[in-house]
Every structure is written in structure tokens, then in C-alpha cells.
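Visitor: I would like to learn how to read a protein model step by step. Could you take me through it slowly?

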Amino acid sequence: MMSLALHYVANLLLILCLVTSIIQSRFLFKIQNYNLFSISQISAIQFLSILVSFFILIFLFITSDFNFDLVYFHSHSEKPIIYKLSGVWGNHEGSMLLWILILVLFNFLFSLSKSSSQKFKEITVAVQSLMIFGFVLFLLLLSNPFNINNENFNDGLGLNPILQDPLLAIHPPILYIGYVGFSLIFSLSITGLLTSEVDRKWATIAKPWVFAAWSFLTAGIALGSYWAYYELGWGGYWFWDPVENASLMPWLSATALIHCVVVLQRRNTMQSWTMVLAILTFSLSLAGTFLVRSGVLNSVHTFASDPGRGLFILIFLFIILSSSFLLFALKSEKINKPSLHNISSRNTGIMVNNWLLISILSVVFLGTMYPLATDLIYNQSLTVGPQYYAISITPIIILFLFFMILSPQLSWGESKLLKILSEMRYILISCLTITFLTTLYFDLFNFTEILIIFLSLILIISSLSSGLNFKSTKVIVKSNFGQSIAHAGFGIFMLAVVSNAVYSQETIYDAKVGSKLQLDEYIFDFKNIEQEEKDNFNSIKAYLSLFKNGKNLGEFSPEIRFYSDPPTITSETSIIHQLFSDVYVVMNVPQNQESISLRLHIKPFMNILWLGVIMIILGGIITAILNRKKYEENAIN
Amino acid sequence: MTDTVKKRLIKFLVSLIIFGIAILIIVYNLRDNIVYFYSPSEIIENNQTGSQIVRLGGLVESESVVSDGDSIFHFNITDGQEQISVKYQGILPNLFAEEKGVVVEGIYMNDGRFIANKVLAKHDENYMPPEVIKSLKETGKWQE
């Protein structure tokens, strides 16, 4: 009874959202005579209808109502409550609803904001509502989370232990806020094109949203990478896997976009390119979420199992891409202002790095699509090795670092390269010395690695010193603080990536209890092995102590868990984090009684790597928040 | 042709050429780094021996897994028609089991053995690598 009632309520709420979306899109069709409610009131209804239906879905998962297909297939009564909750978006239908929830949330927030004119706001909300209409229709017809069955199932099927992880519970919502944030940027761009108002004002409206979306996207990707690092136990943090690449591609284009928005705000130029990037970023975000979720990227064959959904997304993508680029072609003449910048201005530097980002994007795109193409055309399965990405991207990154150092030193007008060089002489000399000493100390011989380390060091120091003003007694934070934190973070990140690649070590031992294992300067004292019975699994745990130069650095307890329902084996890595190096141990399923296989890893600079990533995210957030003040300051000059 | 149109045309052509060269370099590099996937029948048919790294996928033959200590494992991969004996030193993934799908990466030797340096694992106990499904379908061993 209850289930049936909830089924109807939820579906009615979705239909309510459809209706409000139609009402909201009226501004696109010049129907203005409906004034019963204001835009923000209707947006509020739109938002609430989805929010309540999302809460209903959460309620169904928490109360384990197996009359609903989705709960039956993806949940289980014995799951801990937090994983019942994350089970809501751990499947296709639920994640679609979450996606739509964020879409209406952004629409609602924008309808409340006061930064834009009434007309501009009306059209933006209309465009956004048109998209909401499309997605809610898709949800209702092809991917309804509220379908019920007539069986009386006692328990659900979804108890996959590997997916029961706190990081995996928050990773999708964060990533989605990033992806969906770009839907608003897309709507803003369409509005800008329609009204031919792509100018400094437009950039000022768009800037906080685009930086916020970018920060969330960065954080989402980083969380996924961190999960892979400690859960998969392969010692890496990035595998150039198609699913990872699908999230990296919108990030690369979004990174180019945030810089263009800044240029547009400061110099009122690069209008067309900004529009192209905004459309591209959103298209890649759409492709990223849905092609991954429908399984197209893993294999062309899974596509066939779900033809309706895949086809809908492809049609939707096609409509969005073709209509927005058509609009762009019609309007690009009107929005472009003649740009009069000097070749040695900051614009040039940013433009060059835009092209470099797009080059990396092309490398990733080709590497991801090539296997799909050969499978479709030649029926030949193949994989692209990680070597391809390393070889193709390294030279681009070196150029990228160079221009990342140079551009902020250039002024927006004309600048003299010699003067910049002489201003930077202390930084250059000190970085050269540090690089030289590290090279000697660590026996580095590879020129590429030395060059990247050198450039990263300059980037870190020059970025930090440009964001802070050192007066004799106090430190003043300048308005470009966000940028300087993010750029320094990228330098730190690159430094860690290179050193990690060079100095990582791993080895495998067939170890007996009582033996001492060695890797580099570390001694692993294998003390004991224990079997334990837990609530829903049995485990085998190994205990090891880590020593370096006779000093005890900590205890390892890697574990293998045997779940019975469904029969699954998972291994828990055990990591000791030190300031400059992670040491970690993975254990194998025991094949015989006497010994056990252990894999030992030394991963240097992992903490530094995550520190760099956190600084990049922080820089984005700071810039999103500081935006308004900065615009007012700049409006004067 | 007006001056602005001419300028634009030149700009367009130059960027097209640069872009084309970049794509050529990337694709050239790509071809050097692809790893082909074969089923046991295909690898025997193509006689893909030598130094090139390839992937081999199929089912782990039942009662074929032997361990001789020091984390060295021997097992057979089959697609129902042919089987290849695989040698691997390292840690087997948790989901590795007899009569389950597996993909290994390594070198196919002249003597017909396969020396693997990687055994690939996926997250789900029901997961079957799509390439393996495809090759099993081709030999008629696939059951829905």
C-alpha cells in the first residue's frame, strides 16, 4: 500500500517538475504574459519537486523497500546505513536523479542571484529549464527509479563489498556538482549568444559559477584517484583508464575556459573562443557522465544491452552540440570585438596555454576513442598503453610549464622580456642551484626529468611570491591570491609526479611468519598472521612492523576479506604515510599453508602530490569567492 | 577577395596544417603503443611470437593452476578450442579463479608458452572482460 502510494507521489512530483520546466522556458518563445509567480518562485517549485522525490528514494533505500526494482537490485537489508544511502546514487537511475537534482539546484540558485539583469536571468533560466525538461523526460520514460515489482522479495541483491567505501560514497556527488555546474555556464553562454552580450559584464556573472564548478570537478577527479590509490592496491593513482579519461577531458577544457573568462573580464576579448570552450566543456561533461554510466566507453558491446538510453544521450548530445554551434556561427560576428593586444601581452601567453591544453585533450581523446574505432571498424580489440600518454604529453607539459611561469609576469599591455628576466634573476639562480644540487644528490641523469623539476620549482616560487606582498613587518595577500595558490599547487603536483615516477619501488616476497623482508632502506618484520570472523565476512590479517635504521616507524595490517553473500574476496591495503614517502603493503590470497605472498611498495612524495592537488582546488574556491570585489577594483582602471 | 577574408583564410589554413601535423605525430606515437588483444585460437593462428607485448584472454582452465613457490604461477587459458600455458610471477588478483574470465598481458614465446607480466582484475565477481565474451561467442562457448 505504502509502496504504491510512494510510487505515485514520486512520479507525480517528476511530472510537476516537467510542467514547471515548460513554464520556465516560456521566455525563449516570447510568451511573457504569465505572471502569477516570479521566476525564482517557479524555480523553487522545480527544485522542491525533485528534492522531495530524491528524499523519497533515500527513504526507500533506508527502509529497504524491496517492492521497488531499484532497491531490490542495488541494496540489501544488512548493509550499513551509510552504504544504503550511497546505494541511492550507486546505480544508473539513482545517479540520474542526483544529476537532475543538482541541475535544478543550480537553476534555483541562479534564479536567486542578483548579479544579472532581469532579461538575462529570464533567458538563462529558460535555457536551463529546457535541459531539465529533457532530462526529466528521459528519467520518466527510460530510466525511472520508481518502478515497482509485484513479487515479494525478502532481501535485495546489492551487497558488493568493494563498493562499500566512504570515499566512493561521496565521490559521485562531488564530481556531479562539477559536471552539472557547467550546464549553467552553457546556459549562460547560450543566453550571451542570443542577446549578443558576451562582454565584461557576462564574464563577471559567469566567473564565480565557472570557478566553483571547476573546483568541484577537480575535487571529484582527485577523490576518484585517491580511492584507486588505496583501494585497488596497484600502487598507482592514475591508470589512463577510459573512465578516468572521460573525467579528465572536460577538466582540461574547463581549465582553458576559466582562464578565458578571466581574460574576457579584464580585457573584453576572446569572446568566440570562450563560447566554444563553454559549449565544449558541457558536451564533454555530458559525454563523461552518461557514456560512462551506459557502458559505451568500456566496450562497444555493452551499448547494445541498453540501446534506448545510449541512443537518447547521443541524440541529446547531438541536439545540444548542433543547435549551440549553429547559434554560435550565426552570432560570432556580433559578439567579437576587435582585439588590439600586443603580441608580448599576457593574452598571448594564456592563448598559447589554451592551445596546449586542447592538445593534451586531443591526445587523451584519440587514446580513448582509438580502441573503440578499431573494434567497430576492424573487429580488432586492443588497448592503448600508458606509455602512449606519457610520451605524447611530456613535451606538451614542458612547454605548458614554461608559459605558465611566463604569462603571469607579462602585463596586459606590452611587456619587455629582458626586463622580466632581470626581475626574475634571483628566482632563476636559486632554482637552478636547487635543481643542480638535487640532481647531484639523487643521481638524476634524465634531461626531461631535470627540466620538469627545474620549471616546477620556478613556478612554485614565482607564483607564491606574486600572490603575497612581503612588506618589512607583515605579509599582504594580493587580489590574485587564488591564482597564485593554484599555480604553485600545480608546480608542487608536477614535482611530486615526476619524483614519484622516478623513485617508486616495489617488490614481491613469498614470506613466512618470522622472516624479515627488505626494500631499499626499509625492513619489514613479518610478525604474525591471524584469522578472524566478523559479522559478514571472514578475514586473514598479516601483521608487520616497519623499521628504518633500527627505528620503528609503524605497524602494517594488510587484510584479505572473504564475503559469503555474494561470494567476494577483497584485499585491504595497509599504508604508512610519512612526510616524504608512503610505504604500503598488499597481501595475496594464500595459496598454501607455509607462506604468503606480500607486495611491498615505496611511493615517494605522495603526500606532496595530494598537497598540490588540494592547493589547486583551494585556489579555485578562493577565486570564486573573491570575484566580486576584484571586479569592482578593476572597473576603475 | 577582400583583405580580411584573405587574412582569415591564411589563418585558417595555417592552423589546419599545424593541427594536422600534431594529429599525425600523436597517431604515429599511438600506433607504437597499442597492445593487441587475442584469444588463444587467434594467437596460435596469427603465430604472434616475438618481443611484442600483447594481451591474451579467455577462461582459466579448471585444475590447471600450479604454484611453485616464490609467487610463480602456471595456468592454462582456454577459449574452448585451444589453450595456452601461461607463466606469471607476482600477486594474482583476488578475483582470479579457475573457470573464470581472465586477461593477461605479456609475451607469447616461440615455444608456445605465454610469459605474463600482468594479470588484469576487475571489480566485480560477475564481471567478464568484454573481449573474452566476444572470443567465447566466436567459438560458441558463451552461455548467457
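Predicted model: local features only at pLDDT ≥ 70, side-chain atom pairs only at ≥ 80, totals over all residues.

Guide: Residues are numbered from 1 along each chain as its sequence is written, and chains are lettered from A and ligands numbered from 1 in the order in which they are written.

Visitor: How many helices and strands does chain A have?

Guide: Helices (H or I, at least four residues) and strands (E, at least two) are DSSP runs, numbered from the N terminus. In chain A there are 19 helices and 13 strands. The radius of gyration of chain A, taken over C-alpha atoms, is 27 Å, close to the 26 Å that the globule rule (2.2 Å times the number of residues to the power 0.38) gives for 637 residues, so chain A is as compact as a globular protein of that length.

Visitor: What percentage of chain A is made up of buried residues?

Guide: A residue is buried if 20 or more other C-beta atoms lie within 10 Å of its own, exposed if 12 or fewer, and partly exposed in between, with the C-beta atoms placed from the backbone. By that rule, buried residues make up 44% of the 637 residues in chain A.

Visitor: What span should helix 2 of chain A have?

Guide: The expected span of a helix is 1.5 Å times one less than its number of residues. Helix 2 of chain A, residues 39-62, has 24 residues and should therefore span 34 Å, which agrees with its end C-alpha atoms being 34 Å apart.

Visitor: Which helices do the buried residues of helix 2 of chain A pack against?

Guide: An α-helix has 3.6 residues a turn, so residues three or four places apart point the same way. The buried residues of helix 2 of chain A include Ile39(A), Ile42(A), Ser43(A), Gln46(A) and Phe47(A). Two residues are in contact if their C-beta atoms, placed from the backbone, lie within 7 Å, and the buried residues of this helix pack against helix 1, helix 3, helix 4, helix 5 and helix 6 of chain A. After helix 2 of chain A comes Ser64(A), whose phi is positive, near 50°.

Visitor: Is Ile62(A) exposed or partly exposed?

Guide: Ile62(A), which is found in helix 2 of chain A, counts as partly exposed because it has 16 C-beta neighbours inside 10 Å. Leaving aside residues up to four places away in sequence, Ile62(A) touches Ile81(A), Lys84(A) and Leu85(A).

Visitor: Which strands does strand 5 of chain B pair with, and in what direction?

Guide: Strands of a sheet pair through backbone hydrogen bonds, either parallel or antiparallel, and two strands count as paired if DSSP finds at least two bridges between them. Strand 5 of chain B runs antiparallel to strand 4 of chain B, with seven bridges joining them, and parallel to strand 7 of chain B, with four bridges. Asn76(B) stands opposite Ser85(B) in strand 5 of chain B, whereas Lys87(B) has Ile115(B) in strand 7 of chain B as its bridge partner. The hairpin of strand 4 and strand 5 of chain B has four residues between the strands, and there Gly80(B) takes a positive phi near 95°.

Visitor: Which residues form the covered face of strand 5 of chain B?

Guide: The covered face holds Ile84(B), Val86(B) and Tyr88(B), while the uncovered one holds Gln83(B), Ser85(B), Lys87(B) and Gln89(B).
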